[in-house]
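Me: I would like to go through the packing of this model. Please show the sequence and structure.

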Amino acid sequence: MIISFLLLYYAVSGIIMNHREGVASLDVSRNWMPEEFHYQNWNNAALKGNLVITSDSILLFGNIGVWVSDSAFINYRSLNKGFPKGTDNRKVFDLHKSKDGNLYAATQSGLYAYDVMTKGWEKIDLNADIKRFVAIESVGDTLYVLNRSYLYKGLSKGVDSKLSKVQLKQPPFYKNQVSLFETIWQIHSGEIFGLPGRLFVDLLGVVTIVLSVTGIIFFFFPGWIKRRKWKQNNTSNLIKINKWSLKWHNKTGAWLFVPLILLFFTGMFLRPPLLIAIAKAKIAPIKYSHLDQCNPWYDKLRDLKYDADKDLFLLATSEGMFHFNMEDLAPVPFEIQPPVSVMGINVLEPFKNGSYIIGSFSGLFLWHPSHPEVYNYAQGKLHKEQNSGRPIGDYKITGLINSPDHQQYMVDYDKGIIPLYHEKEFPAMPDNVIKKSKMSLWNLCLEIHTGRFFRFLLSDFYILLVPLSGLVSILVVMSGYLLWKKRKK
């Protein structure tokens, strides 16, 4: 009975998550959610970074979109006109101002340029299959834009920019492998076989709902029938409902119990602690699947930075850090790699003397490509590699803020903005539309589907909700099939 109700919310949230673009315009208020989902001190990835336009005009961006502030970070006004409706559509990963003064935004829903005439954002049509753009750089009058699979290159002309798609070359010693985590993720969502696969998993979600509801009916109705035998008409109706629910419970379970077991089994490995066991594993892509791509960088690109001193690009990927020049576009891996969480890099900023600030859910670090030591920038000490396999560090870094007076603040997912090597507190979130910003329906479903939504009830034990639910679900489906087969025989 318990797993029936749990599977109901897993199924509904999973179906919604499988159609992110379709629900991107739908938001929900944070007011009725647990306290930890309310914005406090710019937490919950509200901010990813900032761009200083002038000393008194600073753009802040992140999950809240783009806002203009003054040098003291006190007054704010929205700069989200032109973005599609919905919090998910205006999730900004990078802002960039080119040398010719054009302003660009890389967002969840595509690449945008700011139109000074209409005072709003206008989407640049790139005909990209993956609309999530993550980084923007410019060299001279040439614009370089990165989505999760390709590099786009062309002259910087604002809203009139015409960019061509460039596929980066294979790195040295390339092996056609993908992460086991990504494979299991796409099997679980059905995306591994494109739209037909996703629709089939949606069907499994509907079947899970049917099994749960009919199972609940079959559990309760026999008792109701016994108690209401004196009402012949009502008893007859209850018996019909009970027989109908049992019939379709058995049929759907018998037809689809194997795919259901695979669905529940793969879901168990997408959250800690079982995620730790597969986080670093690589396998060959499944033939003829969505992961079997001719592009060696398909869905692996995460960030891009241009090093003017060395005239090369730094490329952050799910496979590590690489560098390449503008001529051959062939990424080469760095020998010394910084620590980056399996959840991906969130900060890649130049620091001093050729070093970079690297931030992810593993923490905030200073990394120099030529030095063997990595410095834990958040804790003020040399980094020591952990053997626990824990996918997160003491700080879950989602962004970095650089103020006009050259002071830095790191942005932690839970704690919000924290001063770095100074004691000047960052001003609180204003009690206007910023603090009241909504959460996208897709993100709410993600929090529910991964169990994080129930942390206020289960504390740190919420991490066991997904693996235990998956295990019990498998046992229920297997035992149900065996009972049905025995009774039929």
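Me: Which elements do the buried residues of α7 pack against?
Reply: This is a predicted model, in which local features need pLDDT of at least 70, side-chain atom pairs count only at pLDDT 80 or more, and totals for chains, interfaces and linings use all residues. Residues are numbered from 1 along each chain as its sequence is written, and side-chain values use heavy atoms, without hydrogens and water. Helices (H or I, at least four residues) and strands (E, at least two) are DSSP runs, numbered from the N terminus. The buried residues of α7 pack against α1, α2 (20-23), β1 (27-28), α3, β28 (439-440) and α9.

Me: How many of the residues of α7 are buried?
Reply: Buried means under 20% relative accessible area (1.4 Å probe, protein chains only), exposed over 50%, and partly exposed in between. Among the buried residues of α7 are Trp442, Glu447 and His449. The buried count for α7 is nine of nine.

Me: Is Leu464 buried, partly exposed or exposed?
Reply: Leu464 sits in the loop between α8 and α9. Its relative accessible area is 34%, so Leu464 is partly exposed.

Definitions and conventions
Contact means heavy atoms within 4.5 Å.
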